[in-house]
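Work through the exercises below with the sequence and the model side by side, and try each task before reading its solution.

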Amino acid sequence: MPSEQQLPTPAALRARCVELLAHWRVADTDVDVVYNGRLSTTAGRAFVRRGCIELNPRLLQREPDALDGVLIHEAAHVAAYRLFGENIPAHGRQWRSLMRLAGQEPSVKHTLPVDDLRRRPPARRSYLFLRLCGVCGDRVVGKQVRYGRCPGCSRRDGYLVVRTRASSAGRRALLCMSDAEVRAHFA
């Protein structure tokens, strides 16, 4: 892993964008550049109507040599919008020509390592359920609760349901619960 360096200030990045926009002969050079620590795998993004560019500080701090390329990429989006209007493709020929004028190869995706930056969704817990008919005492243990008519007495939706985490110990606990314990759980 490369050593982490100090990133340029947003003011310095803004000055670089003004320089790029002037090079592309964009009349309106007002642009805002900020770091957004909530970005996970995206190196940067441009909000062209607002003239705002967000950069990923966690990713770019590890790969500081990629910063200028990402900034040029996003500034070219703002410039293409201001020069050619909103009815152009995001990575169309106008954007590609601006990238080439800035001396960059017009690539759409970055190749920076992002594996350890991905936000993983929390693990989904699974549960086991004990469904006990309140009338006849029919019992079913399963991964989901099925409501409707009881197979034992044909009574509709008269169930008491107890939940526990899905494990062998949880299954044993549900199977060992007496009808009185289940009813006491709801008292």
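**Exercise 1.** State which loop holds Ser 154, and decide whether Ser 154 counts as buried, exposed or partly exposed.

Solution. In this predicted model, local features need pLDDT of at least 70, side-chain atom pairs count only at pLDDT 80 or more, and totals for chains, interfaces and linings use all residues. Residues are numbered from 1 along each chain as its sequence is written, and side-chain values use heavy atoms, with hydrogens and water left out. Begin with the location: Ser 154 lies in the loop between β5 and β6, where strands (E, at least two residues) and helices (H or I, at least four) are DSSP runs numbered from the N terminus. Next take the backbone, where Ser 154 has a positive phi of about 65° although it is not a glycine. Finally, Ser 154 counts as partly exposed because its relative accessibility is 47%; buried means under 20% relative accessible area, exposed over 50%, and partly exposed in between, with a 1.4 Å probe and protein chains only.

**Exercise 2.** Describe Arg 25 by its loop, its phi and its accessibility.

Solution. Arg 25 is found in the loop between α1 (10-23) and β1 (32-35). Although Arg 25 is not a glycine, its phi is positive, at about 60°. With 73% relative accessibility, Arg 25 counts as exposed.

**Exercise 3.** Work out how β3 pairs with β2 and with β1, and which way its side chains point.

Solution. Start with β2 (residues 44-47), which four bridges join to β3 (residues 52-55) in an antiparallel arrangement. Within this pair, the bridge partner of Arg 45 is Glu 54, and that of Phe 47 is Cys 52. The two strands form a hairpin with four residues between them, and Gly 51 in the turn has a positive phi of about 70°. Turn next to β1, which is also joined to β3 by four bridges but runs parallel to it; here Val 34 has Glu 54 as its bridge partner. For the side chains, recall that in a regular strand they alternate between the two faces of the sheet. In β3, Cys 52 and Glu 54 point one way and Ile 53 and Leu 55 the other way, and all are buried.

**Exercise 4.** Compare the radius of gyration of the protein chain with that of a compact globule of 187 residues.

Solution. The protein chain has a radius of gyration of 30 Å, whereas a compact globule of 187 residues would be near 16 Å; the radius is taken over C-alpha atoms, and the globule rule is 2.2 Å times the number of residues to the power 0.38. The C-alpha trace spans about 80 × 40 × 30 Å along its principal axes. Of the 187 residues, 33% count as buried.

Note on methods
Pairing = 2+ DSSP bridges.
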